[in-house]
Amino acid sequence: MKTLILLTDNYPITHGEFFIDDEMRVIADRFEKVIVVVKSQQSVNFNRYVPKNMIVYPVSDFVSFFDKVKALPKILSSFFMEEWRFAIKNYKLKPSVILFKLMYMDVVRALKVKKQLLDVLFKEAISQNKTIYYSYWNDYKALALSLMKAKNNSMVCVSRAHGWDVFFERHQPPYLPFKKFIVSNLDVTYSISEAGRKAFISLLGNEYNNKIAVSRLGKINHRLPIENKNHDGILICSCSHIIPLKRIHLIVELLAILNIKNLKWVHFGDGPLRNRLEELAQEKLQYVKYEFKGNVPNEEILDFYHKNYVDLFINLSESEGVPVSIMEALSAGIPVLATNVGGVCEVVNQKVGFLVPKGFKVDDVAKIIKNYLNLPDIEKQQYRENAYQFWKENFEAEKNYGEFVKKIFELCV
């Protein structure tokens, strides 16, 4: 059997990357060992799924002066200069100190990860050729794998690509380093959305078509959706980090003008804007009950959806990949209202909910919600049944992750 080496930021020692839990539940037993190389965390306080055959190596992501000096020779290499020219030509960027620093620091971090990986291989006495390397993000960790594979083409190296690590327009400057090098050297880059795959092709060209595939995330949920309403009010839920990109303040603005009796809003997730958001909610939502749950395990979120009839799930993000939070809502038979950004249109359609433009007017969205809530019960129930079936057919974890592990094993032949 093969060994899987998985590169992550948080999993499995603290909150973040919750969706990896379900993936490991499906694929871990296909390997003799799963070795997770994860950034060291200041606190370890979250209950995560850890399979019996998993070994966790926390590694420092601190960049020392020595790390920077060690990477200096790369600046003069064809590898670096080709990316410099590619960034100027394809990203339409002007040569600048900021551009140089972005490229250089990714190289510094990638070389550090590469050394850490080699140390792990030595400690575990693992042959590179009996191992599948998997970066969960298409960033400097994927670059580290690309640099390793460039030296040893018999290695099997893959990466996922989500949202922030694909859609460079999110960033300032609008650039993500070494995408061409990463995609060309890895065996396959698996985008979680068709939108992400198209973004790669648009940037890199059709010649990379066979290097980029779509492999969707998924959610395990063995609970059946609630069919009958078990409360008199209206319950609306949302789930995300509380950061500017997620625009949760717009949910507050929206709920403030709905003017619906017995309305309650529950938000799952935490973040740096939480205090400001709570102040806004206190100011605006005088006639709306609301609750900020903070970071809770995904199982608790699904239990909440199973025990409480949620009328609608809302996501008003400025940009997204394909949100697992929406998959969770669909798996509980909850209709979804979301902004049509990134790959959201691949998980929300007119049968399961409502797509609104990124630059929507709050009044227009309020009308959509009121119209939905005023529908006959039989029509609302149809939305709920459609939501559950759409999840079952397209975002069920056992199916999607089973197909993913089959694909990466085929690369070993």
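**Rings, helices and backbone: a conversation about the model**

Biologist: Where does the charged end of Arg160 sit?
Modeller: The charged end of Arg160 lies over the ring of Phe404, and its distance from the ring centre is 4.2 Å. A charge sits over a ring if NZ of Lys or CZ of Arg is within 6 Å of the ring centre and within 35 degrees of the ring normal.

Biologist: What kind of model is this, and how are residues numbered?
Modeller: This is a predicted model, in which local features need pLDDT of at least 70 and side-chain atom pairs count only at pLDDT 80 or more, while totals for chains, interfaces and linings use all residues. Residues are numbered from 1 along each chain as its sequence is written, and side-chain values use heavy atoms, with hydrogens and water left out.

Biologist: Which ring does Lys74 lie over?
Modeller: Lys74 lies over the face of Phe79, at 5.2 Å from the ring centre.

Biologist: Back to Phe404: which residues form a cluster with it through ring pairs?
Modeller: Ring pairs link Phe404 with Phe19, Tyr134, Tyr136, Trp137, Trp164 and Tyr190. Rings of Phe, Tyr and Trp (its six-membered ring) pair if their centres lie within 6.5 Å; planes under 30 degrees apart count as stacked, over 60 as edge-to-face and the rest as tilted.

Biologist: How many aromatic pairs does the structure hold?
Modeller: The structure holds 25 aromatic pairs. Among them is the stacked pair of Phe19 and Tyr136, with 6.1 Å centre to centre and 25° between the planes.

Biologist: Which parts does that pair tie together?
Modeller: Phe19 is in helix H1 (residues 19–27) and Tyr136 is in the loop between strand S4 (131–135) and helix H5 (140–151), so the pair ties together parts that are 117 residues apart in sequence. Helices (H or I, at least four residues) and strands (E, at least two) are DSSP runs, numbered from the N terminus.

Biologist: Tyr136, buried or exposed?
Modeller: Tyr136 is buried, with a relative accessible area of 0%, whereas Phe19 is partly exposed at 22%. Buried means under 20% relative accessible area, exposed over 50%, and partly exposed in between (1.4 Å probe, protein chains only).

Biologist: And what about Phe80 and Phe100, stacked or edge-to-face?
Modeller: Their ring centres are 5.7 Å apart and their planes stand at 65°, so the pair is edge-to-face. Phe80 belongs to helix H3 (residues 78–90) and Phe100 to helix H4 (residues 97–124), so parts 20 residues apart in sequence are tied together. Phe80 is buried at 2% relative accessibility, while Phe100 is partly exposed at 29%.

Biologist: New topic: how do H8 and H9 pack?
Modeller: Two packed helices are described by the angle between their axes and the distance between the axes. For helix H8 (residues 248–258) and helix H9 (residues 274–284), the angle is about 10° and the axes are 10 Å apart. H8 and H9 are therefore roughly parallel. Angles under 35 degrees count as roughly parallel, over 145 as roughly antiparallel, 65 to 115 as roughly perpendicular and the rest as oblique. Axes are lines fitted to C-alpha atoms, for helices over the stretch in contact, and angles run from 0 to 180 degrees between N-to-C directions.

Biologist: Which residues make the contact of H8 and H9?
Modeller: H8 contributes Ile248, His249, Val252, Glu253 and Ala256, and H9 contributes Leu277, Leu280, Ala281 and Lys284. Contact means heavy atoms within 4.5 Å. These residues divide into six nonpolar, one polar and two charged. Ala, Val, Leu, Ile, Met, Phe, Trp, Tyr, Cys and Pro count as nonpolar, Asp, Glu, Lys and Arg as charged, and the others, Gly among them, as polar.

Biologist: Last topic, the backbone: which peptide bonds are cis?
Modeller: A cis peptide bond joins Tyr11 and Pro12, with omega about 5°, and another runs from Gln172 to Pro173, with omega near 0°. Most residues other than glycine have a negative phi, and most peptide bonds are trans.

Biologist: What is the phi of Phe178, and what of Asn259?
Modeller: Phe178 has a positive phi of about 60° although it is not a glycine, and Asn259 has a positive phi near 55°. Phe178 is buried at 0% relative accessibility, whereas Asn259 is exposed at 73%.
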